[in-house]
Amino acid sequence: MSSWFDYTINGLIIGNVYALVAVGLALIFGVSRLINFAQGSIYLVGAYIGWVAVMQLHTPLPLTIIVVAAAAALVGLVIERFGLRPLQNSVRIAPLLATIGISFVLDQLVMLTFSPNPRALPSQLPDVRFQLGGGTIGPLDLLIAGVGITSALLLFVFLRYSKLGWAVRAASQDRDAAMQMGVDVNRVNQAVFGIAAALGGVSGMLVGMYYNQIDTAMSLQATLKGVVAEVVGGAGNVPGAVIGSLLLGLVESYGVAVFGTSYRNLFAFLLLVVVLVLRPNGLFASTRQAPPEPLTGTFIAPSRPLRIPRWALAVAAAIFAVLPLFPVSFYVLQTLINAWLLGMLALSLTLVAGTMGQVSLGHAALLAIGAYTSALLSLTLNVPVGLAIVGGGLMSAALGTLLISPSFRLRGHYVSIATLAIGEIVSLVILNWESVTRGPIGISGIPPLTLFGYDLISPSSVYWFSLAVMVVLALLQGRLLTSHLGRSFRAIRDDDIAARAYGLSLNRYKSLAFIFGGFAAGVSGGIAAHLYSYINHETFNTQQSILALTVVILGGLGNVVGAIVGSVALVGLPEVFRIAAEYRILIYGIVLLLLVRFRPQGLLGTI
Amino acid sequence: MEKQLHSMLSLRGLTRRFGGLTAVDAIDLDLAKGELISIIGPNGAGKTTLFNLVTGLDRPDAGTVSFEGQDITGLSPERLAAEGIARTFQLGRVFGNLSVKDNVLIGAHTRLRAVKPAVPVIGPLLELGLALLRPSSVRAEEERLREEVKAILARFGERLLPRIDQPAYSLSYANRRRVEIARALALKPRLLLLDEPTAGMNPTETAEMQSLVAELKAEGLTILLIEHKLEMVMRLSDRVIVMDEGKKIAEGPGEQVRTDPNVIEAYLGHGLSGTTEQESAA
């Protein structure tokens, strides 16, 4: 039996680890107003460098820490120099997308180098426990606490007394003024990314030792936890990040004590959503301030979309429609069916992220809601499959919009964090709500597609069905964009303050965008469920959200035709070149990075 | 106080603090229907913050705002836009990726009737349905508004009409200011707040803007104007209010304010002509 004392110690130790990640995030946010989604990947890299040092090089512990810190700092410097510095003068969405891309590239590189299987990372410390009050404490706990406190002190001294530290503080208060006073902002950025990465890397190593296990799933978790702690403490507020981390550690630890381990993450994300809704500037923000006036249209890249004549679109649609009449292989049809399903998801995301400017990172959750609803309707209530899919779409529209609504008052990076967290919450609820979702076992034996009593079994019929559904959704979305709603969505994206001053309610129009987009994603998920015949809580994961985001950027934000072209390209090209599955995510990440850097408006242009 | 009964907009003790700084300090103001009042004062005097408080983008720490006798303190900007309060922004907040036409159409958003049914709860869903189905009433309203947009843009001569389908990000700074004013006019405002409409404009452009504002005033529009160019202020204003460090330090007809020692001290410094001051302010 563990005592409350043990839970408190455990919470504080984990909080200390989160603090190392969160402080780095806070430093970076302070200087560049950027939430670094790659922070968790550096943490992952740190854990694996630690593993190499301990298992291959047999370094003693102090040297291990130094090696990890130095190597992670180097990764941070490379990210800053080659990933972010070229984007300094570009639109606000660019660095956000870049850190997401970098994160996926790093995670995949680690996964390809070390395989996704978990590894043991021994702590190199004697395995003894000291009796202390009502509980016990081990040398590793003390080490983590020691590293946490030492880093905090070093950071304090650096920021307070060194010249570069002054520059960092000046740049985070007013970047332009600091630049005018001769502060070299590039050096400040370098320093901040280096420090943040070193702290993150060491944190990953310590967590690996604490649980004696490292695996590639750590990355996303660390990013999320670090961001939760940072937002709770107030973005950019370094002491706030430390307090937020300890608070998060305690909340999780007590939550686990009362409800069990599988709820750990749920508490973290609920804490995030509650803080974002009630105190979006963090617990310690003192003054409310009107946000500074932005320059015009700086969120997305301005561009003139390519006008494709209607007849060309009609011809293209006709060619794809008659394709199954020709002797094409099953493989080609299968690939295109996947492209149509992804196309529906991309239509949804391009509306929400492109037209409305809400860069959702949890879009796969909408697929999951649609898939589970459709599967359960047809299995348990014997609803005809065609209707069940529509039900899935409607449920995804309603539930998705309801879940995402707390984020309607947020902007930019915060929307991405909130949607990422909400996506995780959906997946955790599916995992834990066994009476409805059948929990980890998943749902099997989902009936195949039928329409008006006819079974759609043959590949061509499935192909036609999914193509037809996607085309209808695309036509509807195109019509929506030319209406006053399309205009209103885009106005809110470009400048939500000016939009409100002209009577556009953010809640109303963001809801409408998510209702429309949620329906398309839910239908896609519903169709997928009946095609796969088996789904579980991992069928629709973050990788699909990122794939959809890459498709949307590739096609051009908000561009309906672009979403479909992007889907065909990103599903089709890897097949054409026969790229092995494990390299695909890596390639999606690299494509995303290259696009953000060299063609932010995508192939067909932003609408 | 009887003045308050007839006034369109009246502020009483309006105060807004940021930390230790009082950006707007107990401001009283009455604006009668059809009147044009200019607010002048050095940069950082709290003029834009005052606009934010009146238009609901910021909430006062103390004091009240009433519009046509109705207390509107702390209402959302969406509500106030629907009440007929339109504003332009100091830095030209146009919707960069929208065409000039669409920018101005957003101004007419609160007037949409056919596509924005005022039905509780299911109103938004009806709106979505109407946007997709587009019955003839919706098409007719949209068509009528498009014609109206052209008429509004025609007030700016040949400045905007040839660019009606161009995205706003491609416009010059001065044209963005014009688009902002066109957007405000599309709302058919009862009260118009203009925040430095001539910032960044050359003398010819400033003169054009001045005659446009004079026209709007002659049409009976009630206007609150923030402006640095004193000549324009003197010509257009029925009254001038001078702010410094959040406080109102003078109020009255232009000529009177111009010679007020407090104003000279706080705002004009030593030069009275205003021309040198204009340069540094712009």
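**How the terms fit this model**

Visitor: What makes chain A agree with a compact globule?

Guide: The radius of gyration is taken over C-alpha atoms, and the globule rule is 2.2 Å times the number of residues to the power 0.38. With 607 residues, a compact globule would have a value near 25 Å; chain A has 25 Å, so the two agree. The C-alpha trace of chain A spans about 70 × 60 × 45 Å along its principal axes. This is a predicted model, in which local features need pLDDT of at least 70, side-chain atom pairs count only at pLDDT 80 or more, and totals for chains, interfaces and linings use all residues. Residues are numbered from 1 along each chain as its sequence is written, while chains are lettered from A and ligands numbered from 1 in the order in which they are written.

Visitor: What share of the residues in chain A is buried?

Guide: A residue is buried if 20 or more other C-beta atoms, placed from the backbone, lie within 10 Å of its own. Buried residues make up 55% of the 607 in chain A.

Visitor: Why do β2 and β5 of chain B stand at the edges?

Guide: Two strands pair if DSSP finds at least two bridges between them, a strand being a DSSP run (E) of at least two residues, numbered from the N terminus. In chain B, four strands form an open antiparallel sheet in the order β2-β1-β4-β5. β2 (21–32) and β5 (70–71) of chain B each have a single partner strand, so one side of each is left without a neighbour in the sheet.

Visitor: How many bridges join β1 to β4 in chain B?

Guide: Five bridges join these antiparallel strands of chain B, β1 (residues 7–18) and β4 (residues 62–67).

Note on methods. A residue is buried if 20 or more other C-beta atoms lie within 10 Å of its own, exposed if 12 or fewer, and partly exposed in between; C-beta atoms are placed from the backbone.
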